[in-house]
Amino acid sequence: MSTQVPETQEADESEAETEAESVPVAQQRRQQRKAERREHVAERERERTEEEAASDESRYHLKVFRYDPEVEGKQEPRFDEFHVPYHKGMTVLDALIYARDHFDSSLTFRHSCRQAICGSDAMFVNGRQRLCCKTQLSDLEEPVRVEPLPHQEVVKDLVVDMEHFYDQMEAVEPFFQTNDLPDGELEEQRQTRENREKVKMSTRCIWCGACMSSCNIAAGDNQYLGPAAINKAYRFAMDEREGSDMKEHRMRILEQEHGVWRCQTQFSCTEVCPKDIPLTAHIQELKREAVKNNLKFW
Amino acid sequence: MYEHDVIVVGAGGAGLRAAIAAQEEGADVAIVSKLHPVRSHTGAAEGGINAALREGDSWEDHAYDTMKGSDYLGDAPAIETLCQDSPKETIQLEHWGMAFSRDDDGRVSQRPFGGLSFPRTTYAGAETGHQLLHTMYEQLVKRGIKVYDEWYVLNLAISDEEVPEDRTCHGIVAYDIQSGEVSGFRARNGVILATGGPGQVYDHTTNAVANTGDGVAMAYRAGVPMEDMEFIQFHPTTLPSTGVLITEGVRGEGGILYNENGERLMFEYGYANNAGELASRDVVSRAELTEINAGRGIDDEYVHLDMRHLGEERIIDRLENIVHLSEDFEGVDPLEEPMPVKPGQHYAMGGVETDENGETCITGLYAAGECACASVHGSNRLGGNALPELIVFGRRAGAHAAGKDLGTAEITTGKRGEWEAGEVDTPVAPGSVRSPDDSAVADGGEKAADGGAVAATGDEIVTRAVDAENRRIEHLMTKEDGVQHAEIRSEVQKSMTRHVNVFREKEGLKQALRDLREARERYTDVYVNDPSRTYNTDLIQTIETRNILDLAEAITLGALAREEFRGAHWRKEHQERDDENWLKHTMLSWNDGAPELWYKPVILEGEEKTYEPKIRSY
């Protein structure tokens with residue numbers, strides 16, 4: 001057999017990135033990040049051991065954003081410094097909890113599951129949107145700077161107002177709609193493994209808001225649906241169980257002025273997504289769908 | 001004051017399902033939750049939903065497995081309801097679009113799980129709970145059901161007749177976390193508690209930080225008995241450093257447990273010669289700890305769970321989430337090396353006593369999900385039985401509260417049926433600590449200012465409850481110094497992990513009671529340092545800590561009283577199951593500030609047959 005050259009090499013890379021290819025891409029990225037992280041951790045551990053030899057206790061230096069509209073002295077935003085004792089495997093969330101429980105009980109942030117599934121502790125850590133619970137301190141340069149998600153109104157300290165994010169999520173009719181349910185209440189709809197695989201990554205969204213916060217377009221256009229909401233629409237539009245009429249309806253929502261066409265393929269959403277969802281690829285695919293559909297009428 | 005027909009407290013699987021069901025019955029329903037619904041802990045469930053969907057399987061087999069798994073402490077009417085309703089409820093989720101894993105023919109996939117005689121665990125990768133939570137929240141959005149998110153429920157508004165069975169729940173008092181507003185919520189038909197588990201009683205738990213058992217503690221102090229609280233499930237495979245859960249699906253797919261010598265411990269030392277790694281959770285947890293205590297653990301702390309032989313393709317298809325969790329939280333790539341695992345607190349089999357329709361002994365008060373005890377899990381829950389519990393009993397509670405006739409319940413609640421008084425020898429007096437100052441205000445145990453005299457209408461009862469909670473908050477916020485909640489909470493968690501864990505003995509349990517008494521005393525001096533009314537997590541955690549104290553004490557009291565070995569409850573001094581004396585439910589009622597212990601019989605008579613207790617072997 002002759003060697004096969006993937007066709008996609010000829011096309012523009014971002015445009016051609018289909019779902020089938022994006023999974024290996026995500027895996028590659030995972031491998032690469034893992035390798036980088038190992039190297040980095042090893043380096044940090046070496047440094048720490050040296051530091052520990054020099055001092056009795058190893059501490060991490062945190063600079064944490066503080067603001068409270070109600071408390072005099074905190075009405076002007078400022079940064080507080082905390083020096084938190086370090087143990088191996090400690091995450092940014094662990095450090096924040098330590099600082100709150102031992103130094104200042106008024107330090108305020110959202111968190112709950114601490115295993116990257118509830119989506120409540122997305123923050124801006126060392127200049128990047130991250131989930132604090134899955135971010136190892138050892139991966140970061142000191143001082144570790146922790147701020148609320150940019151482009152969202154700050155309620156207090158690290159807590160931002162998520163209402164706008166939720167409103168955008170709800171604007172895409174984020175629920176399954178089909179006219180083709182089986183008759184029996186004990187009979188499921190059929191879905192091919194391939195189709196489930198196609199929507200799988202899109203269903204992983206935990207609504208943390210990191211993508212929206214990292215998106216330049218969303219920052220400048222308050223009506224832009226944003227990557228999370230478009231991804232939510234993708235999850236249903238690509239589900240074969242919804243049928244073609246519903247897909248058309250979904251495409252109409254996505255093609256509106258502040259829909260998919262606003263995306264300028266900057267990839268920042270994809271870059272920060274803690275669940276590795278290929279958000280930009282999903283948006284691009286929907287743009288292609290939109291063109292395809294419209295072509296039919298020309 | 002806000003007003004609705006049905007108010008659901010909590011927005012995890014059970015709360016969402018209850019709200020949808022209530023709305024389908026025509027009720028004006030609202031959810032009040034301290035988290036936004038998609039943040040609920042149901043999202044962390046991994047394994048799957050047991051439902052007899054296939055040819056060759058039957059709800060009767062599912063019921064038998066569940067009764068056996070429970071070590072014969074489950075009530076047959078509840079178990080049979082679970083197993084009969086689960087297939088329909090599971091397919092209902094599929095009809096709502098849930099992204100289940102699929103077989104080649106397009107049907108939903110099922111896999112084997114511990115303690116099951118048929119591979120009946122329906123799943124969505126290793127993220128079933130996430131898919132379930134989001135699918136149900138989508139239905140909520142579709143229906144426009146009102147959610148008061150980030151509102152913390154402080155207390156229930158309940159009339160104060162002498163006997164709990166005569167009382168009525170008229171609503172709740174809640175606190176808007178973002179604004180600090182305290183408000184009454186009047187429920188015309190009923191309140192449904194769906195507040196989840198109490199994992200934060202322990203320091204090594206798979207549970208979220210939000211899981212502080214608020215609903216159970218509130219119902220308990222209002223007069224509803226807590227049932228079987230001593231039965232805490234420890235999951236055999238949690239990551240040692242964080243308590244993050246590694247699903248039973250890993251063993252279901254063929255994952256193997258090894259000790260330090262590389263021996264397949266479940267067979268090598270005869271812990272479960274037939275089922276091996278797929279024995280039920282209590283059996284596997286004890287096996288692992290026995291290995292560790294015998295010096296065959298790794299780093300004296302954990303054992304290895306190996307899934308490499310399953311092959312990357314199968315792992316990525318069915319357990320991908322596990323790869324990420326193990327990498328992110330333990331720094332171990334399970335495609336290349338075995339994962340370190342040890343037992344961790346996972347689930348409370350006990351909770352608010354309800355019947356199979358979700359009703360408690362107080363009129364208008366319901367509970368469903370992990371906070372409730374119907375009881376379907378008895379002394380040990382089978383993997384894959386928590387998610388069906390949420391949807392089955394969530395729906396029933398919601399529908400019933402909205403007025404649907406589900407028929408008369410076979411399980412009786414409160415002291416209406418057969419019961420016997422209990423006794424336990426404690427080294428210190430359990431219950432609330434009343435010092436001469438206004439500590440009763442601090443712990444929320446304040447009696448009505450009018451001495452409980454005739455608050456006639458529901459509105460008045462809600463208003464009175466609002467006043468009491470306002471005084472509590474005022475007290476906590478204006479107190480200038482004292483002890484902080486984090487200190488008390490951490491002491492309780494450490495003592496519980498040390499003394500009321502997988503292995504239990506009399507002296508340790510007594511020590512835990514002493515520690516808890518001391519923690520209660522310190523709690524009378526608790527104060528809130530953060531002066532802000534905006535998003536005051538300090539205040540909320542202080543109130544949660546009070547709930548943790550009540551639950552920790554109930555777990556310990558139940559464990560001390562139950563002098564036998566059943567399911568998840570192992571006692572050093574009592575190594576045998578004792579059906580003659582202990583085939584009964586442990587009940588604790590809050591009686592004038594102190595727990596009263598009593599028992600009620602287990603119902604083993606099912607629809608068509610009686611489940612005869614047998615020696616449980618795997």
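I take a nonpolar core to be a set of buried Ala, Val, Leu, Ile, Met, Phe, Trp, Tyr and Cys residues joined through side-chain atoms within 4.5 Å. Buried means under 20% relative accessible area, exposed over 50%, partly exposed in between (1.4 Å probe, protein chains only).

**Ground rules.** This is a predicted model: local features need pLDDT of at least 70, side-chain atom pairs count only at pLDDT 80 or more, and totals for chains, interfaces and linings use all residues. Residues are numbered from 1 along each chain as its sequence is written, chains are lettered from A in the order in which they are written, and side-chain values use heavy atoms, without hydrogens or water.

**Core.** I looked up the largest nonpolar core and found 252 residues. Leu96(A) and Leu365(B) have the most contacts inside it. Helix H15 of chain B (residues 537-561) gives the largest share of this core, 13 residues. Helices here are DSSP runs (H or I, at least four residues), and strands are too (E, at least two), numbered from the N terminus.

**Leu96(A).** I listed its contacts (heavy atoms within 4.5 Å). Leaving aside neighbours within four places in sequence, Leu96(A) touches Leu62(A), Val64(A), Leu107(A), Phe109(A), Met123(A), Cys132(A), Val146(A) and Leu158(A).

**Chain A.** I counted 11 helices and 7 strands. Of its 298 residues, 54% are buried. Among contacts between residues at least 6 apart in sequence, 66% join residues at least 24 apart.

**Confidence.** pLDDT is the predictor's confidence in each residue, from 0 to 100. Chain A has a mean of 88, with 83% of its residues at 70 or more. Residues 1-21 of chain A fall below 50, and this stretch has 21 contacts beyond near neighbours in sequence.
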